[in-house]
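Let's take a friendly walk through a protein model. Have a look at the sequence and the structure first, and then we'll dig into a few spots.

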Amino acid sequence: MHLLVCGGTGCRASASDSIVESLKQELENKGLSDEVQVIMTGCFGFCEKGPIVKVLPDNTFYVEVKHEDAVEIVDEHVIKGRQVKRLLYQDPEKKQSISDSKHMDFYKKQIRIALRNCGFIDPENVDEYIGRDGYMALGKCINEMTPQDVIKEIKDSGLRGRGGGGFPTGLKWEIASKNNADQKYVVCNADEGDPGAFMDRSILEGDPHAVLEAMAICGYATNASKGLIYIRAEYPLAIKRLKIAIDQAREYGLLGKNIFGSDFEFDVELRYGAGAFVCGEETALIHSMEGLRGEPTIKPPYPAEKGYLGKPTNVNNVETFANIPVIINKGANWFNKIGTEKSKGTKVFALAGKINNVGLIEVPMGTTLREVIFEIGGGIKDGKKFKAVQTGGPSGGCLTEKHLDTPIDFDNLIAAGSMMGSGGMIVMDEDDCMVSVAKFYLDFTVEESCGKCSPCRIGNKRLYELLDQITQGKATMDDLQRLRNMCEVIKDTSLCGLGQTSPNPILSTLDNFWDEYVAHIKDHKCPAGQCKDLMKYVVIEENCVGCTACVRVCPVGAISGEKKQPHYIDPSNCIKCGACIERCKFDAIIVK
Amino acid sequence: MAKIKTLADLKKMREDLQSKVDLREKADSPESYVQIKVGMATSGIASGAKEVMDFLIEALEKRNIEAVVSQTGDMGYCFAEPTIEVQKPGEEPIVFGYVDIKKADEIIEKYIKRGELVDGIIPQNYQVIDDKDNKKA
């Protein structure tokens, strides 16, 4: 028998360590130490009801356990085999206690569709994919469905593009299928560029065949015989596994001519990108594949009319493709029951930043940010206070406390001033300065702007400079108005999605953290204590014993003072490196 | 490798592959294999999954434990990399996090040999869609 005690950060904070001790002690008292083991586990993801104790093999799940409950668990459950009813989880709706975690709603919060095989199969072995219904959907399409049927199925499913825009996938396929040409293309956009996002990489590394199968289905539906995956060269492992997968699919005849004995032929090749953010924009992506500069062009014409080499081209994101085989196998009506009214299915998120359970999750559309961050994500690191979550990368915005209960879907996030984006979620705590966060994203945009249109090339640079002035305490309140005006102009006049969305991190932080901007400007203070230029190192005279340790450690000679006399830090020379604070044994130096 | 020419070919192949897997899962005899999957996505490899996998293969062979060690993608628990999933014959798979070589050794000696769990288990907190449910429905 085993007693599993949650050792996640949340449960540790509520003293799960002492539960382990008490259980062990109690087992020893009863002479059961040899038969029953107490084990500390990772986070059960149910931190709200922690600490959690789970009993194996019968899977009983105890919540909110205290160390004094150890006696009862050992006496009743371990010795007499009776569950301790009062420690079972009470279902708030059905008003009954549930003893087995498999029946708890909480464990239905994550549903893996796009990630169904990630972490289950060997991505370099096509047989394992086939063993989990791989290529069945392609076979079903070719043998039992017309291209129109396939498109209708995808349309009915309500699937929307997972790359960020949320354009209905079925409609995109329909447009591409209606444009006639001697050659058409299917392109998979694997140019994942948002800072902190790694959903697509994980899918390609964990389940490459799913993407190949879906591209072939798309080829069948739109009458295209060539597929291209545009992937950044910075993803060597994903590239290696895709190459292996393509070879295996060709060997089995699942790519190539006469697939499943039909006239349909389809093959896939890889194209490498050099890691330019703008190449995630579909027209820039296509130009890059053609060997031209990775610069966007005005739409229309859309790629569905004139895409790669001037031919009709359908571009979808990795995660979008990963959903396709499941929709075909299980049907549109299965898929469109998951999610919200206008956003169907699930979304994969990469949780990063100041969150305990950094990782990949997949939740149905309509899950709230609170559930994602505080339950699945295990809450904020080191018990700090939640401040904001950044979604949508450099095109998105920051959502705050008041948005925590908003159900996540395409439209709600836009209404809240951010966007879904490709699925990066960066969680921030009280120590993060929101002006600096906006500055970070603008720095990224300035670097990644292709320079073709002036609003983006020049405008973003000016935005960055203004933010820089604010973080140095050199801006005025008029600058804030100027900042906002310029944001609006850049959004309205930029050529492609990059410039049209790059001011979003500023606009959303202006809306949600206005006071923080004002504090930088009027009080010359950074409330989060992040902006170096607004910090001042000062000596507290009462504490300073004049030991001169700080004088010796200061690299720029900014500290002066006589031995055994209080010292002084010259703010004009100080570079705020913090060396003096570290050295001082008397807490005599503080940052103001 | 033979080509798959029809949907019937594919279905037959899938049945074969599934029954192989089922055999492994259902078998209860000590001769049958222990299955270990090592999460080998970029995040896993960066935190040392490759060394752990090499160690597992070598150590299991040396200690005469019949096991299949295979790689897999990202299990999603990036905070606890490297992660491995161990399935003993006839038992539910268990995921262990923070597995370095020392931990891998402990898992072999305690869990695989003696059935004792070790610290660092990652409880599964999600559902995976299962196509088999659909066929019944």
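This is a predicted model: local features need pLDDT of at least 70, side-chain atom pairs count only at pLDDT 80 or more; totals for chains, interfaces and linings use all residues.

Now take helix α5 (residues 136-144) and helix α9 (residues 208-222), both in chain A: they pack at an angle of about 10°, and their axes are 9 Å apart. So α5(A) and α9(A) are roughly parallel to each other. The crossing that α5(A) makes with α9(A) is left-handed.

Who meets whom? On the α5(A) side you'll find Ala137(A), Leu138(A), Cys141(A) and Ile142(A), and they meet Glu213(A), Ala216(A), Ile217(A) and Tyr220(A) of α9(A). Sorted by class, that contact has 7 nonpolar residues, 1 charged and no polar ones.

In soluble globular proteins, nonpolar side chains tend to be buried together. Here, the largest nonpolar core has 196 residues, and Val211(A), Met215(A), Ile217(A) and Val389(A) have the most contacts inside it. Helix α9(A) supplies the largest share of this core, with 10 residues.

Zoom in on Val211(A): leaving out residues up to four places away in sequence, it touches Cys188(A), Ile203(A), Leu204(A), Val318(A), Phe321(A) and Ala322(A). Another core, of 12 residues, lies apart from the largest one, and its members include Cys544(A) and Ile569(A).

## Out on a loop

Which loop holds Glu68(A)? Look between β4 (60-62) and α3 (70-79) of chain A.

Terms used. Residues are numbered from 1 along each chain as its sequence is written. Chains are lettered from A and ligands numbered from 1 in the order in which they are written. Axes are lines fitted to C-alpha atoms, for helices over the stretch in contact, and angles run from 0 to 180 degrees between N-to-C directions. Helices (H or I, at least four residues) and strands (E, at least two) are DSSP runs, numbered from the N terminus. Angles under 35 degrees count as roughly parallel, over 145 as roughly antiparallel, 65 to 115 as roughly perpendicular and the rest as oblique. A crossing is left-handed if the near helix is turned anticlockwise from the far one by less than a right angle, and right-handed if clockwise. Two residues are in contact if their C-beta atoms, placed from the backbone, lie within 7 Å. Ala, Val, Leu, Ile, Met, Phe, Trp, Tyr, Cys and Pro count as nonpolar, Asp, Glu, Lys and Arg as charged, and the others, Gly among them, as polar. A nonpolar core is a set of buried Ala, Val, Leu, Ile, Met, Phe, Trp, Tyr and Cys residues joined through C-beta atoms within 7 Å. A residue is buried if 20 or more other C-beta atoms lie within 10 Å of its own, exposed if 12 or fewer, and partly exposed in between; C-beta atoms are placed from the backbone.
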